[in-house]
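Subject: Structure for your review

Dear colleague,

Please find below the structure for your review. My notes on what was found in it follow directly after.

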Amino acid sequence: MVAEPGHLYGVGVGPGDPGLITLRAASLIATADVVAYHRAAHRESTARAIAAQHLRDDVLEEPLVYPVTTGTTDHPGGYYGALSDFYDECAQRFREHLSAGRSVVCLAEGDPLFYGSFMYVHDLLREEFPAEVVPGITAMSAATAAVGSGLSRHEDTVTVLPGTLPVPELARRLADTDAAVIMKLGRTFEGVREALRQAGLLERAVYVEHASRPGERVVPVAEVDAETVPYMSIVVVPGEDKRADSAGRAADASRPGAHTAYENDCGAMEPTIGTVHVVGLGPGPDAWLSPEAQEVLGRVDHVVGYAPYVARVPQRVGLTRHASGNTVEVDRGRLALDLALTGDDVAVVSGGDAGVFGMAAAVFEAAEDELYAGVPVQVIPGITAAHAASARAGALLGADHALISLSDRLKPWEVLLDRLTSAVRADLAVALYNPRSRSRPHQLGQALDAVREVAPADRVVVVARNVGRDGEELRVTTLGELDPESVDMSCLVVIGASSTRVTPGGRVWTPRWVD
């Protein structure tokens with residue numbers, strides 16, 4: 001493989017051992033007109049050192065010195081603004097060489113597109129010049145080899161995480177995966193160690209420094225002096241080996257339904273049964289979570305729920321997370337009840353109020369199985385999206401009102417329309433949950449057409465988006481003016497009663513009386 005004139009190459013040189021450079025990478029480095037490499041101002045380029053034996057004596061070298069690494073910057077755009085300008089400068093230097101017909105090889109430690117600086121220059125130039133990326137062995141792979149334990153087995157999920165994440169977020173993501181690799185350490189190391197402790201993974205975590213290089217160091221994370229940790233070090237959390245042991249028993253005896261031989265054969269001890277707590281998390285802000293809900297979430301052994309809701313529960317030591325996709329509510333309920341049968345306390349989480357289009361009904365549906373007759377189920381209330389939206393508007397639901405879901409997944413569309421029009425005909429304010437989704441793009445329009453047959457076009461309508469969260473928006477319109485295309489699943493649509501009023505200041509309220 002020979003570097004061609006006017007071509008740009010991003011070449012991965014591997015994690016450190018020159019013997020791990022690929023044959024393709026070595027050939028391109030040896031034949032390039034220009035070899036570029038990124039480096040910090042205070043030290044030489046590691047990538048160049050790895051590739052040094054392949055550089056020709058007459059090759060043009062382009063050192064690309066970062067304007068900032070771990071220090072501070074007075075750039076008006078901050079750290080990322082300074083780096084953006086730097087990558088523009090790098091691209092211009094490459095552009096001049098490429099336009100002159102020179103081949104340019106940019107060296108990248110590890111792999112060019114895996115946390116590599118080359119990718120930003122590649123983004124700027126790949127439409128202008130022929131560009132090729134030559135993959136390299138990642139530092140992650142070298143660190144895993146140094147640990148010498150299988151990183152992932154069977155259907156294990158592996159998550160690669162930057163140590164720069166906030167500790168609560170890092171702990172949550174660690175708890176949600178089977179195996180993990182954490183990069184970008186240095187000053188972040190103590191926070192990484194705390195996140196591992198909160199996720200219950202500290203004992204499995206291994207620290208690797210200088211993987212594949214002289215001075216390679218592999219020690220348990222718990223034993224590392226945080227003051228000695230360089231930025232380019234790695235933590236590896238291997239997945240657990242769940243293979244059956246020699247007796248044919250599952251390695252993880254803590255799974256739901258597992259019991260000791262003494263419990264099964266002797267029956268001398270009554271098994272302890274845990275409680276299933278169905279918890280409403282509210283529409284979004286932590287401030288809207290009730291003290292009772294916080295107390296329950298702070299002591300249960302498991303949290304079960306739709307992944308975005310599970311993500312809202314802070315990780316801590318002793319908490320096991322069970323996140324799943326949408327539309328499997330009853331399965332989640334059964335899982336929670338199974339866990340309770342083993343003696344553990346479980347929280348099943350819902351957005352808003354768990355008893356309003358939430359998980360409470362699904363848990364009770366699952367609990368109708370006589371297998372779960374002895375499992376206590378407690379429902380912890382939460383602020384509903386409808387009442388949060390009403391409060392943001394003013395007092396939109398200040399009188400009699402109805403809450404209706406426009407999802408027809410569990411009820412016929414004809415039944416849904418009949419309930420909706422009956423509520424509007426009865427002059428109730430109506431909050432519409434699940435108004436419009438990708439799988440149901442036309443139903444909101446059909447529902448509004450039905451409502452317009454029983455209510456005037458000037459009926460007040462409020463569309464509330466992301467109530468209590470980033471991007472919150474409250475729009476006051478009318479039944480005749482509402483465009484269904486402006487609504488999605490992040491919205492709640494509230495159709496006012498005939499008495500619903502809008503103040504000069506834009507507040508919306510429904511009187512308590514009926515004329």
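Helices (H or I, at least four residues) and strands (E, at least two) are DSSP runs, numbered from the N terminus.

Please note that this is a predicted model, in which local features need pLDDT of at least 70 and side-chain atom pairs count only at pLDDT 80 or more, while totals for chains, interfaces and linings use all residues. Residues are numbered from 1 along each chain as its sequence is written, and side-chain values use heavy atoms, with hydrogens and water left out.

Strand 8 pairs with strand 9 (residues 217–220) in the antiparallel sense over four bridges; two strands count as paired if DSSP finds at least two bridges between them. Within this pairing, E209 is placed opposite R217 of strand 9. Strand 8 also pairs with strand 10, in the antiparallel sense and over four bridges, and there Y207 faces V235.

Between strand 16 and strand 23 (residues 508–509) the pairing is parallel, over two bridges, and G394 has V508 of strand 23 as its bridge partner. In general, strands of a sheet pair through backbone hydrogen bonds, either parallel or antiparallel.

**Helix 1**

In helix 1 (residues 23–31), the buried residues are A25, A26, L28 and I29. They lie on the same side of helix 1 because they cover an arc of only 165° around the axis, the arc being that of the directions from the helix axis to the C-beta atoms. Among the elements that cover these buried residues are strand 1 (8–12), strand 2 (34–39), helix 2, strand 4 (104–108) and strand 5 (131–134).

**Salt bridges**

The count of salt bridges comes to 24, where a salt bridge is a side-chain nitrogen of Lys or Arg within 4 Å of a carboxyl oxygen of Asp or Glu. One of them joins R48 and E61, whose closest N and O atoms are 2.8 Å apart. R48 belongs to helix 2 (residues 46–51) and E61 to strand 3 (residues 60–65), so this pair ties together parts that are 13 residues apart in sequence. R48 is partly exposed at 26% relative accessible area, and E61 is partly exposed at 31%.

Another salt bridge lies between the side chains of R93 and E89, at 3.7 Å from N to O. Both residues are in helix 3 (residues 78–99), four residues apart, which is about one turn of the helix.

E240 and R204 also form a salt bridge, with the closest N and O atoms 3.7 Å apart. This pair links distant parts of the chain, 36 residues apart: E240 is in the loop between strand 10 (233–237) and helix 8 (261–266), and R204 is in the loop between helix 7 (189–198) and strand 8 (206–209). E240 is partly exposed, at 46% relative accessibility, as is R204, at 25%.

**K411**

Which side chain of opposite charge is nearest to K411? K411 is buried yet has no salt bridge, and the nearest such side chain is D408, 8.0 Å away; Lys and Arg count as positive and Asp and Glu as negative, while His and the chain ends are not counted. K411 is located in the loop between strand 17 (401–405) and helix 14 (413–425). Its side chain reaches the backbone oxygen of S405 at 3.2 Å, and a polar atom of that side chain lies 3.2 Å from the backbone oxygen of S407. Not counting residues up to four places away in sequence, K411 touches S405, L416 and R419, contact being heavy atoms within 4.5 Å.

Yours sincerely

Technical notes: Buried < 20%, exposed > 50% of the residue type's maximum accessible area, 1.4 Å probe, protein only. Polar contact = N/O pair within 3.5 Å; in protein donor to acceptor, adjacent residues only side chain to side chain.
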